[in-house]
Amino acid sequence: MSTPFTPAEARHAVELLASRSLIRLVTEIDDNGAIPPRRLAGTLPDLSTHQLRSASDTARAHGLVRIAPGSGLELTDGGMELADLYDAMARWARRHAVPAPVCEFSRRIRHVLDLLAPSLTTEHGDGLAPLSAVTGAGAAADLARPRTLLIQWLAANPQVARAFEPEPVA
């Protein structure tokens, strides 16, 4: 499965998707439902006000969350699919004990995205062959599913690969 991403687009997509604050926001809403904007800081107390604002602005700008009247920030279809993608990546990382046998969920996602990034470019769209040297042949073969899911998600959400800064929402 080839991909239409340039190295810059792939790098931008990976950086955006690997953002710890975005991962926390998307997975929190996925696990527990909509978050009223005024309760965001209390729901995610490990994130600074700046991180929360940046994550919610970025998620809205990329169509991952929306503000639902009466309930707050909720995931869009693309946001729900991203949460499923994060889960698939974390399952792979746990199964193969990477980057460590015990680590934070967002760190696992970041590690998997870093492994997959080279295979997203038009220059390396041939797949996961180089990964077997890093992860072992079995782990590289297992990584084909998260890679396919990531490529499908990016194809359905091409705005994530485009480099632009979201406009702050008043």
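Leaving aside its neighbours within four places in sequence, with which residues is S56 in contact? In this predicted model, S56 is in contact with L25, L40, V65 and L73, where contact means heavy atoms within 4.5 Å. S56 lies in helix α4, and at 6% relative accessibility it counts as buried, the term being applied under 20% relative accessible area, with exposed used over 50% and partly exposed in between (1.4 Å probe, protein chains only).

Residues are numbered from 1 along each chain as its sequence is written, and side-chain values use heavy atoms, with hydrogens and water left out. Because the model is predicted, local features need pLDDT of at least 70 and side-chain atom pairs count only at pLDDT 80 or more, whereas totals for chains, interfaces and linings use all residues.

The protein has nine helices and two strands, which from the N terminus on run in the order α-α-α-α-β-β-α-α-α-α-α; helices (H or I, at least four residues) and strands (E, at least two) are DSSP runs, numbered from the N terminus. Of the 170 residues in the protein, 46% are buried. Among the contacts with a separation of 6 or more, 63% are accounted for by residues 24 or more positions apart.

In soluble globular proteins, nonpolar side chains tend to be buried together. Here, the largest nonpolar core has 47 residues, and those with the most contacts inside it are L17, L150 and L154; such a core is a set of buried Ala, Val, Leu, Ile, Met, Phe, Trp, Tyr and Cys residues joined through side-chain atoms within 4.5 Å. At least two residues of this core are supplied by each of α1, α2, α4, β2 (72-75), α5, α6 and α9, and the largest share, eight residues, comes from α5. When neighbours within four places in sequence are left aside, L150 is in contact with L17, L85, M89, L113, L116 and L120.

Helix α1 (residues 7-17) contains the buried residues A10, A13, V14, L16 and L17. These residues cover an arc of only 165 degrees around the axis, which puts them on the same side of α1, the arc being that of the directions from the helix axis to the C-beta atoms. The cover over the buried residues of α1 includes α2 (20-32), α4 (49-61), α5, α6 and α9 (144-156).

The axes of α2 and α5 come within 9 Å and cross at roughly 105 degrees, where axes are lines fitted to C-alpha atoms, for helices over the stretch in contact, and angles run from 0 to 180 degrees between N-to-C directions. The two helices α2 and α5 are therefore roughly perpendicular to each other, given that angles of 65 to 115 degrees count as roughly perpendicular, those under 35 as roughly parallel, those over 145 as roughly antiparallel and the rest as oblique. At this crossing, L22, I23, V26, T27 and D30 in α2 meet G79, L82, A83, Y86 and D87 in α5. Also found in helix α2 is S21, which counts as buried at 9% relative accessibility; leaving aside its neighbours within four places in sequence, S21 is in contact with L47, Q51 and A55. S21 and S106 are 85 residues apart in sequence and 8.7 Å apart in space, C-alpha to C-alpha.

R66, found in strand β1 (residues 65-68), counts as partly exposed at 39% relative accessibility. R66 is ten residues from S56 in sequence and 9.1 Å from it in space, C-alpha to C-alpha. Leaving aside neighbours within four places in sequence, R66 is in contact with G72, L73, E74, L75 and T76.

In helix α5, A93 counts as buried at 0% relative accessibility and touches V98, R108 and V112, not counting residues up to four places away in sequence. The loop between α5 (77-95) and α6 (105-116) holds P99, and the peptide bond from V98 to P99 is cis, with omega near 0 degrees. A97, which is also placed in the loop between α5 and α6, has a positive phi of about 55 degrees although it is not a glycine, and A97 is partly exposed, with a relative accessible area of 34%.
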